[in-house]
Amino acid sequence: MTTAHTQLSRIPHADAVRLDDVPRIEIDSFRAVILDEVAGGCRISALFGVPQNLQTVRLYAVLTHAATSTLALVSCDVQDSYPALTPDCPQAHWFEREIAEQWGVVPRGHPWLKPIRFHHSYRPGHDAWSRAVGSTILPSVTDFFRVEGQEVHEVAVGPVHAGVIEPGHFRFQCHGERVFHLEISLGFQHRGVERSLVGGPNKRTIHTMETLSGDTSVGHATAYCQAIESLANCQTPLRAQVLRGIALELERLANHTGDLGALAGDVGFLPTMSYCGRLRGDFLNATALVCGSRFGRSLVRPGGVAWDVDKPRIEQLSSRLRSALDSVDGAAKLLWDSRSVQARFEDTGRISQEVSTALGLVGPSARCTGIDNDVRHDFPSGIFRFTLIPPSTWHTGDVFARAYIRWMEIQRSGRFILEQLDAMPAGAVRAETGPLAPNSLCVSLVEGWRGEICHVVITGSAGEFAHYKVVDPSFHNWIGLAMSLRDQQISDFPLCNKSFNLSYCGHDL
Amino acid sequence: MEVATLLPLAVTLIMSPLLLGVINRTKAMVGGRKGPPLLQPYYDLIKLLGKGAVYSRTTTWVFRAGPIVSLAGCVLAATLVPLGGCESLIKFHGDLILLAYLLGLGRLCTVLAALDTGSPFEGMGASREAMFSALAESAFLLGLAALARNTGATSLTQMHAALADGAWSVSGLTLALVTVALLVVFLAENSRIPVDDPNTHLELTMIHEVMVLDHGGPDFAFILYGASIKLWVLGALIINLVLAPSAGESVADLGVALAGMLILAVLVGLIESTMARLRMPRVPQLLVGATALSGLALVLEFGGIGK
């Protein structure tokens with residue numbers, strides 16, 4: 001398909017392009033380009049619809065090729081339906097369900113076309129399931145995959161869970177203790193975030209970004225700010241870039257440490273559970289030392305960061321981190337040295353590299369199968385253009401691999417932060433951002449602690465947000481959790497679930 | 001009837017929740033935490049007894065009978081077990097069989113009550129409990145049979161008295177095998193790590209806890225109290241075996257046995273602090289292993305090698 005390549009526009013990461021420069025092709029070529037690029041090693045980072053008028057919806061695809069660090073854009077106009085990509089390209093499955101739900105555009109031939117967030121279509125009169133306008137849509141009230149047969153039973157879990165966690169509904173098709181299939185139904189936390197951003201940016205926008213998924217405040221805020229800075233053609237001061245990098249890695253440290261503790265807790269291994277529970281707090285407090293918020297809120301702002309750190313604070317941060325990292329070292333080693341824990345982690349919830357690639361998984365959930373995708377390495381921005389954090393990979397694809405990758409990333413992020421604190425560049429921490437370029441599009445990628453965060457901003461004629469697309473890593477990865485449960489013990493579900501630790505609200509938006 | 005025969009029962013009824021307190025405190029201390037007060041299990045029971053109960057419309061009298069019958073079974077079982085030189089309240093030839101089946105009766109009622117709710121979780125827990133306890137029961141009964149053969153007694157009190165006369169130096173091998181087997185049964189039957197995790201909130205991994213999710217208020221207090229008595233009763237069997245009374249002074253022996261119970265609780269806390277739970281398919285292997293040890297002890301006894 002040599003013609004296909006010419007129909008793509010390859011752009012540098014986080015550079016704004018004029019909307020007119022995004023290639024617009026017919027649906028057949030659009031499908032061909034995507035299939036061809038995915039076969040050539042691309043991932044679909046985003047695939048979404050933008051309404052043009054009452055009849056037409058324009059589909060945009062953001063394709064990322066990690067090995068060559070290239071990012072490609074392509075678009076096409078569709079009416080009420082188009083031939084689905086999913087049968088030929090499984091990683092489009094969730095995106096196409098989203099497009100069908102949001103815009104009432106039916107991907108014909110989609111093998112499992114169901115709503116994902118359970119809301120009415122944003123284009124009144126167009127509904128993929130012909131539901132009447134004004135009818136009540138209840139979350140998770142839909143068909144579920146069923147296995148029939150003797151001694152096959154169904155276990156339904158949630159949306160209300162025994163622990164204090166977010167709501168989600170899980171249906172297991174079981175044979176005794178063995179799971180044949182797990183189907184996950186979300187949408188209970190749908191807030192209409194993307195729609196509320198249209199017309200912005202305004203005073204609320206940054207706060208929305210910081211609460212897209214509360215444990216990834218810095219990640220999402222950075223993705224947003226990168227896009228704004230690129231559209232406003234603003235140069236972020238180096239010191240601000242360093243502070244953002246530090247905050248992003250602190251967020252990773254806190255969450256990964258918490259996850260190691262929670263994984264230990266799920267197998268009933270108390271020492272690591274208690275230590276990591278406390279140490280997660282230490283990392284959160286370190287973030288609070290920088291910006292006053294344990295979850296990194298009100299730090300990252302368009303043009304830089306809102307808070308600078310003075311010398312004594314840097315020293316305090318550095319010494320606190322050193323001691324916390326030492327303790328994590330001890331707690332993690334307890335985990336790896338304990339054979340009863342390893343017996344639980346190894347070979348549980350395995351996913352293969354083929355499955356991971358086909359489904360387009362991101363972050364530790366992909367790296368655990370030996371895929372070395374990491375936005376900090378493949379599409380570096382900010383401080384990561386100057387300092388390399390090597391991607392951490394493992395090859396077994398099981399709970400152990402996902403846990404061990406977290407441990408490797410803890411060590412590497414820790415070293416990165418300490419290095420940066422030792423040699424902070426001087427200067428301002430915030431630049432002015434001017435008006436946004438009109439009729440433009442910008443893709444912004446950040447490696448959050450769960451994986452690739454993708455924000456796509458499209459501006460209108462006055463530079464306002466005409467469309468804002470958020471793809472949280474959880475959007476890609478929930479299906480990975482479902483796949484990892486195949487042929488596993490149902491009693492191992494909580495452990496597998498924790499090893500992915502996905503966001504419900506980041507998915508539901 | 002001597003007053004001393006009331007002692008083991010009274011001690012069991014009063015002190016059994018304390019064992020849980022000691023276990024929890026041990027776990028907290030090893031984990032670097034302060035932990036709940038030692039008497040927290042008592043406070044929990046009092047709190048639950050003061051609450052009302054909620055019953056699902058899908059349940060029947062079976063659901064309500066479950067906690068009462070299982071508590072009654074545990075209390076009756078406590079009347080059969082001697083402790084530290086004090087004879088049990090009720091004793092007759094073959095009472096060890098009754099002990100096993102009183103505990104079994106309580107379990108049966110809990111399982112039936114769980115099935116009565118119609119919840120898939122509870123059904124899953126009931127199936128796990130039935131499966132694992134069937135395996136644990138064989139280890140338990142074979143172990144008691146080996147002891148009966150060794151001591152020539154079929155009453156727990158007589159057995160206990162017979163063990164007092166330096167039995168460890170004569171038939172240490174049999175007793176050691178049975179002790180290990182009973183310890184495994186003790187952990188499994190009381191839903192402790194490595195078989196079950198009493199602290200988890202994850203329904204899908206629970207065994208015992210998931211069966212009682214729908215019980216609340218006084219019913220749940222009965223279940224918790226019954227569980228702590230069961231913990232004490234099975235623990236007392238181990239302590240009677242390991243710390244055979246020697247002083248001949250029943251009060252001193254009782255003191256030694258009580259100290260032994262507390263040490264056992266600390267041991268459980270340490271086990272739970274230092275290892276993870278087994279993967280569920282591995283649990284039967286552990287229980288079959290315990291059965292094998294009990295069986296071996298019995299074979300040794302029949303062959304006269306254990307002595």
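The structure is a predicted model, in which local features need pLDDT of at least 70 and side-chain atom pairs count only at pLDDT 80 or more, while totals for chains, interfaces and linings use all residues. Residues are numbered from 1 along each chain as its sequence is written, and chains are lettered from A and ligands numbered from 1 in the order in which they are written. Helices (H or I, at least four residues) and strands (E, at least two) are DSSP runs, numbered from the N terminus.

**Helix packing in chain B**

- The axes of helix 5 and helix 10 (residues 283-303) of chain B come within 8 Å and cross at roughly 15°. Axes are lines fitted to C-alpha atoms, for helices over the stretch in contact, and angles run from 0 to 180 degrees between N-to-C directions.
- Helix 5 of chain B is therefore roughly parallel to helix 10 of chain B; angles under 35 degrees count as roughly parallel, over 145 as roughly antiparallel, 65 to 115 as roughly perpendicular and the rest as oblique.
- Helix 5 and helix 10 of chain B make a left-handed crossing, a term for a near helix turned anticlockwise from the far one by less than a right angle, with right-handed used if clockwise.
- Residues of helix 5 of chain B in this contact include Phe132(B), Leu135(B) and Arg149(B), and those of helix 10 of chain B include Val283(B), Leu287(B) and Glu301(B). By class, the contact of helix 5 with helix 10 of chain B has 15 nonpolar, six polar and two charged residues.
- Helix 7 (residues 167-189) of chain B and helix 8 (residues 217-242) of chain B have axes that come within 10 Å and cross at roughly 170°. Helix 7 and helix 8 of chain B are therefore roughly antiparallel to each other, and their crossing is left-handed.
- Among the residues making this contact are Leu175(B), Leu182(B) and Phe186(B) of helix 7 of chain B, and Leu234(B), Ile238(B) and Leu241(B) of helix 8 of chain B. The contact of helix 7 with helix 8 of chain B has eleven nonpolar, two polar and two charged residues.
- Val170(B) lies in helix 7 of chain B and counts as exposed because it has 12 C-beta neighbours inside 10 Å. A residue is buried if 20 or more other C-beta atoms lie within 10 Å of its own, exposed if 12 or fewer, and partly exposed in between, with C-beta atoms placed from the backbone.

**The four-stranded sheet of chain A**

- Four strands of chain A form an open antiparallel sheet in the order 2-13-14-15; strands pair if DSSP finds at least two bridges between them.
- Strand 2 (16-18) and strand 15 (465-471) of chain A are at the edges, each with a single partner strand, so one side of each has no neighbour in the sheet. The twist averages 15° from one strand to the next.
- Strand 2 of chain A pairs with strand 13 (residues 440-448) of chain A over three bridges, and Arg18(A) has Ser440(A) as its bridge partner in strand 13 of chain A.
- Helix 6 (residues 217-231) of chain A packs on the sheet, where it touches strand 2, strand 13 and strand 14 (451-459) of chain A.
- Helix 15 (residues 473-484) of chain A lies across strand 13, strand 14 and strand 15 of chain A, at about 135° to strand 14 of chain A.

- In strand 4 (residues 57-65) of chain A, eight of the nine residues are buried.
- Strand 3 (residues 43-51) and strand 4 of chain A pair in the antiparallel sense over eight bridges, and a hairpin joins these strands through five residues.
- Strand 4 and strand 5 (residues 70-78) of chain A run antiparallel and are joined by nine bridges. In their hairpin, which has four residues between the strands, Ser69(A) takes a positive phi near 55°.

Definitions and conventions:
Contact = placed C-beta atoms within 7 Å. Nonpolar A, V, L, I, M, F, W, Y, C, P; charged D, E, K, R; others polar.
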